[in-house]
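Thanks for taking a look at this one with me.

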Amino acid sequence: ELSEVVRIQEVAFDRTFAADITLAWEQDLGIPRLEFPQTTQMYAGPIEDYERLVIQGNLRHPNNPGLNWQAGHCECFTDSKGRKTLVKPKHNEVKKIDGMAAGVMGLSRALAGVPRGSFYDNHPMEIA
């Protein structure tokens with residue numbers, strides 16, 4: 001339904017949980033997909049960008065209660081090289097951070113090919 005309203009550029013996905021559905025979207029709807037492994041290596045740069053934009057006040061959302069709730073559960077692990085990754089709540093925990101992870105993944109893809117420190121430093125981005 002969303003692809004009928006907006007032009008979806010691509011879908012970043014976690015192979016463990018979304019390989020089948022994103023393959024169907026690609027085959028049936030022509031939506032390109034990109035695997036985004038849930039590793040420190042993949043998350044380190046995007047988390048740094050996300051944090052910078054939030055601190056600068058250049059990344060905002062429309063006060064979505066679900067995203068507010070998930071942001072309150074979000075924690076990062078920093079490895080010995082200073083790279084950050086999101087820490088998922090325990091499996092049986094009611095807390096969730098999926099929207100935050102999707103936001104970091106989406107920002108990563110939105111900034112792909114955009115030189116660091118350019119347009120987004122002075123232009124707030126809205127996320128739904």
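**Notes on the model**

1. Let's begin with T22, which counts as buried because its relative accessibility is 2%; buried means under 20% relative accessible area, exposed over 50%, and partly exposed in between, with a 1.4 Å probe and protein chains only. T22 lies in helix α2. Leaving aside neighbours within four places in sequence, T22 is in contact with V11, F13 and R33, where contact means heavy atoms within 4.5 Å.

2. A word on the source: this is a predicted model, in which local features need pLDDT of at least 70, side-chain atom pairs count only at pLDDT 80 or more, and totals for chains, interfaces and linings use all residues. Residues are numbered from 1 along each chain as its sequence is written, and side-chain values use heavy atoms, with hydrogens and water left out.

3. Now for the overall layout. The protein chain has six helices and six strands; these are DSSP runs numbered from the N terminus, with helices being H or I of at least four residues and strands being E of at least two. Along the sequence the pattern is α-β-α-β-α-β-α-β-β-α-α-β. Of the 128 residues in the protein chain, 27% are buried. Among contacts between residues at least 6 apart in sequence, 57% join residues at least 24 apart.

4. Back to helix α2, which covers residues 15-29 and also holds A19. Not counting residues up to four places away in sequence, A19 touches F13, D14 and R33. A19 and L34 are 15 residues apart along the chain, and their C-alpha atoms are separated by 9.8 Å.

5. Which residues have the most contacts inside the largest nonpolar core? They are Y43, I47, Y50, L86, V104 and L107, in a core of 15 residues. A nonpolar core here is a set of buried Ala, Val, Leu, Ile, Met, Phe, Trp, Tyr and Cys residues joined through side-chain atoms within 4.5 Å. The elements giving two or more residues to this core are α3 (40-56) and α5 (98-111), and α5 supplies the largest share, six residues. As background, nonpolar side chains tend to be buried together in soluble globular proteins.

6. F36 and Y43 are both buried.

7. Apart from neighbours within four places in sequence, its contacts include Y43, I47, C74 and C76. L86 is the bridge partner of C76 in β5. Strands β4 (residues 75-78) and β5 (residues 84-87) run antiparallel and are joined by four bridges; two strands pair if DSSP finds at least two bridges between them. Their hairpin has five residues between the strands, and G82 takes a positive phi near 85° there.

8. Finally, the cysteines: the structure holds zero disulfides, a disulfide being a pair of cysteine sulfur atoms within 2.5 Å. For C74, the nearest cysteine sulfur is that of C76, 5.6 Å away. C74 is partly exposed at 24% relative accessibility, and C76 is partly exposed with a relative accessible area of 36%.
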